[in-house]
Amino acid sequence: MSSASNDQGRAYEYICLITLAEEINKFRLAVIDKNSSYEAAQNAWNNIDAQLKEILTESAKAAVLTIFDLEPLIIEDGNDQLDLKIQKDSEGEIGDVRDILIIRRNIHWEIGLSVKHNHFAVKHSRLSPKIDFGKKWFGVECSNQYWNSVNVVFDYLKECKNKDLKWSELDDKENDVYVPILNAFVDEIKLSNSQHPDLPRKMVEYLLGEFDFYKVISIDNKRLTQIQTYNLRGTLNKPSTTKEAKIKVPISTLPTRIVSLDFKPNSKNTVELYMDNGWQFSFRIHNASTKVETSLKFDVQIIGMPATIISINCYWN
């Protein structure tokens, strides 16, 4: 992700937080935790132009009232304080993909929002000579077969890095780097899956995080904000003491088996994973810098979801 995209994403987190606070305070006390993540988001907001501020404000307003319809506990009349906070990016590294938390401590309740600006990416995980992706993703250490395969490629990249080469200067990065790395990645998942039947479930839990959440995606060119419901453990959509949620969110079933894992047709940099219960992901590998590094980055996208994950389009005024 470019620095401009990153700044816009932080700015969107900021205005979503501010809009939540303004709207909630019409019903009850809401207090923002002005931590370092809040300050970074506020700085990003201050550094974007007035036109983008207007766009992001419209987007945030479109989402907030629908979130209230999904979560009546947010605006339930009560004497307790409701807390709002932006989480540190490091939380995503340890399994929490939520950017914004909405918390009522006296009833031990919280929900989270994953906030995206103009993109649908799930994860940006890396592969490198030091990253045991199997252990990190689904709790199974990568085999010697995997390391023997990828280390040949990473040794080649190390030589290229020492020569200060750019990725564009490599003779054939797709066949020399992407294809063998992805082949090793596919083979390792298939091997681990044959020995650990809970791998499909753990893969999805890694990709989507340890907690249920709503994904809030601003799609500027369509003037709409999409809310996706990831209610994998049944913690979302709880009623208040006086109201049921206006929009019902079912619990989604996690996958139990891999149906297919192979290269996307006519592609040398993307593999597609198809699992039961409607789960489908693509993994596009790419270099995340101009100069050669001894690591590669995945752009992970959901290309198919269970019918129980609802997508709600909130059109701007």
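Colleague: What makes you say that β2 and strand β3 (residues 100–104) pair, and in which sense do they do so?

Modeller: In this predicted model, β2 and β3 are joined by 4 bridges in the antiparallel sense, and since at least two bridges are required for two strands to pair, the term applies to β2 and β3.

Colleague: Why is strand β2 (residues 82–86) described as largely enclosed by the rest of the structure?

Modeller: A residue is called buried when its relative accessible area is under 20%, and because 4 of the 5 residues of β2 are buried, the strand is largely enclosed by the rest of the structure.

Colleague: In which order do the strands of the open sheet follow one another, and which are the edge strands?

Modeller: The sheet has 7 strands in the order β1-β2-β3-β4-β6-β7-β12, with mixed pairing, and its edge strands are β1 and β12 (311–315), each of which pairs on one side only. Averaged over the sheet and with direction ignored, neighbouring strands are turned by 20° against each other. Further along that order, strand β4 (residues 109–117) and strand β6 (residues 213–219) pair in the parallel sense over 5 bridges, and Leu113 has Tyr214 as its bridge partner in β6.

Colleague: How are helix α6 (residues 144–162) and helix α7 (residues 173–195) arranged, and what makes that description apply?

Modeller: Their axes come within 9 Å and cross at roughly 160°; because angles over 145 degrees count as roughly antiparallel, α6 is roughly antiparallel to α7. The crossing in which α6 passes α7 is left-handed. Among the residues that make the contact are Tyr146, Val150, Phe154 and Leu157 of α6 and Val177, Ile181, Ala184 and Phe185 of α7, and the contact residues as a whole divide into 11 nonpolar, 2 polar and 3 charged.

Colleague: What makes helix α8 (residues 199–208) mostly covered?

Modeller: In α8, 7 of the 10 residues are buried, namely Leu199, Pro200, Met203, Val204, Tyr206, Leu207 and Leu208. The helix is followed by Gly209, whose phi is positive, near 95°.

Colleague: Why do the phi values of Arg223 and Asn266 deserve a remark?

Modeller: Most residues other than glycine have a negative phi. Arg223, although not a glycine, has a positive phi of about 50°, and Asn266, likewise not a glycine, has a positive phi of about 65°. Arg223 lies in the loop between β6 and β7 (224–230), whereas Asn266 lies in the loop between β8 (258–263) and β9 (270–275).

Colleague: How do you classify Arg223, Asn266 and Lys34 as buried, partly exposed or exposed?

Modeller: Exposed requires a relative accessible area over 50%, while buried means under 20%. Arg223, at 37%, falls in between and is therefore partly exposed; Asn266, at 88%, counts as exposed; and Lys34, at 57%, counts as exposed too. Lys34 has its place in the loop between β1 (30–32) and α2 (36–46), and its C-alpha is 45 Å from that of Asn183, with the two residues 149 apart in sequence.

Methods: Residues are numbered from 1 along each chain as its sequence is written. This is a predicted model: local features need pLDDT of at least 70, side-chain atom pairs count only at pLDDT 80 or more; totals for chains, interfaces and linings use all residues. Side-chain values use heavy atoms; hydrogens and water are left out. Axes are lines fitted to C-alpha atoms, for helices over the stretch in contact, and angles run from 0 to 180 degrees between N-to-C directions. Helices (H or I, at least four residues) and strands (E, at least two) are DSSP runs, numbered from the N terminus. Angles under 35 degrees count as roughly parallel, over 145 as roughly antiparallel, 65 to 115 as roughly perpendicular and the rest as oblique. A crossing is left-handed if the near helix is turned anticlockwise from the far one by less than a right angle, and right-handed if clockwise. Contact means heavy atoms within 4.5 Å. Ala, Val, Leu, Ile, Met, Phe, Trp, Tyr, Cys and Pro count as nonpolar, Asp, Glu, Lys and Arg as charged, and the others, Gly among them, as polar. Buried means under 20% relative accessible area, exposed over 50%, partly exposed in between (1.4 Å probe, protein chains only).
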